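Here is a short briefing for a reader new to this structure. Look over the sequence and the model, then read the points below.

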Amino acid sequence: MSYIKHGHTSRHGWSPTYGSWVAMRSRCDYPNHTSYHKYGGKGISYDPKWASFEAFLADMGERPDGKTLDRFDSSKDYCKDNCSWATPTEQNLHLATRSDNTSGRKGVSWKRQIRRWIARGHLYGVEYFLYCGTSFEEACEAREAWELYQRPLLIERGV
């Protein structure tokens with residue numbers, strides 16, 4: 001039996017890169033995983049060559065400090081063209097629409113108590129209220145404008 005040595009596992013544990021790879025595969029492959037229903041249960045998988053850690057490492061490189069594996073489009077599989085190492089703030093911009101969202105638009109919701117559409121965003125742990133009014137379209141536009149504004153700032157800061 002031959003073993004491939006990649007230097008990412010030892011008696012003392014796994015490297016962060018190896019841990020991210022294991023977690024990705026577990027979410028997609030194992031129905032007993034707590035998040036399987038959000039990944040494998042919804043048909044999300046990974047590039048077949050990423051069944052090998054070495055191929056994953058060649059495509060993604062080492063995981064930088066403070067970042068984890070992120071998919072740009074949360075409705076698509078894990079693959080080189082859809083993944084990056086990202087901070088929690090960057091990942092927030094890529095989140096899927098919440099399951100309890102009734103508007104169908106991320107960050108936009110109807111507040112029954114005040115009979116208004118609300119648009120919100122989150123950045124660095126701060127919640128921003130972007131719009132409050134009667135127009136669904138304006139709420140969506142406010143959220144989209146906020147997302148477009150945030151992306152260049154995140155890139156500029158190297159986040």
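Predicted model: local features only at pLDDT ≥ 70, side-chain atom pairs only at ≥ 80, totals over all residues.

Residues are numbered from 1 along each chain as its sequence is written, and side-chain values use heavy atoms, with hydrogens and water left out.

**Nonpolar cores**

- The largest nonpolar core holds 16 residues. A nonpolar core is a set of buried Ala, Val, Leu, Ile, Met, Phe, Trp, Tyr and Cys residues joined through side-chain atoms within 4.5 Å.
- Buried means under 20% relative accessible area, exposed over 50%, and partly exposed in between (1.4 Å probe, protein chains only).
- Residues with the most contacts inside this core include Trp21, Met24, Trp50 and Tyr78.
- Helix 1 (16-29), helix 2 (53-60) and strand 4 (83-86) each give two or more residues to it. Helices (H or I, at least four residues) and strands (E, at least two) are DSSP runs, numbered from the N terminus.
- Helix 1 gives the most, with 5 residues.
- Another core, of 7 residues, lies apart from it; Val108, Trp117, Ala119 and Ala139 are among them.

**Trp50 and the aromatic pairs**

- Trp50 counts as buried, at 0% relative accessibility.
- Leaving aside neighbours within four places in sequence, Trp50 is in contact (heavy atoms within 4.5 Å) with residues including Trp21, Met24, Asp59 and Cys83.
- The whole structure has 10 aromatic pairs. Rings of Phe, Tyr and Trp (its six-membered ring) pair if their centres lie within 6.5 Å; planes under 30 degrees apart count as stacked, over 60 as edge-to-face and the rest as tilted.
- Tyr18 and Phe53 pair edge-to-face, 4.9 Å centre to centre with 70° between the planes. Tyr18 lies in helix 1 and Phe53 in helix 2, so this pair ties together parts 35 residues apart in sequence.
- Both Tyr18 and Phe53 are buried.
- Trp50 and Phe56 also form an edge-to-face pair, at 4.9 Å and 85°.
- Ring pairs link Trp14, Tyr18, Trp21, Trp50, Phe53, Phe56 and Trp85 into a cluster.

**Charges over rings**

- The charged end of Arg27 sits over the ring of Tyr39, 5.1 Å from its centre. This requires NZ of Lys or CZ of Arg within 6 Å of the ring centre and within 35 degrees of the ring normal.
- Arg71 has its charged end over the ring of Tyr78, 4.8 Å from the centre.

**Ser84**

- Ser84 lies in strand 4 and counts as buried at 18% relative accessibility.
- The C-alpha atoms of Ser84 and Leu69 are separated by 6.0 Å, with the two residues 15 apart along the chain.
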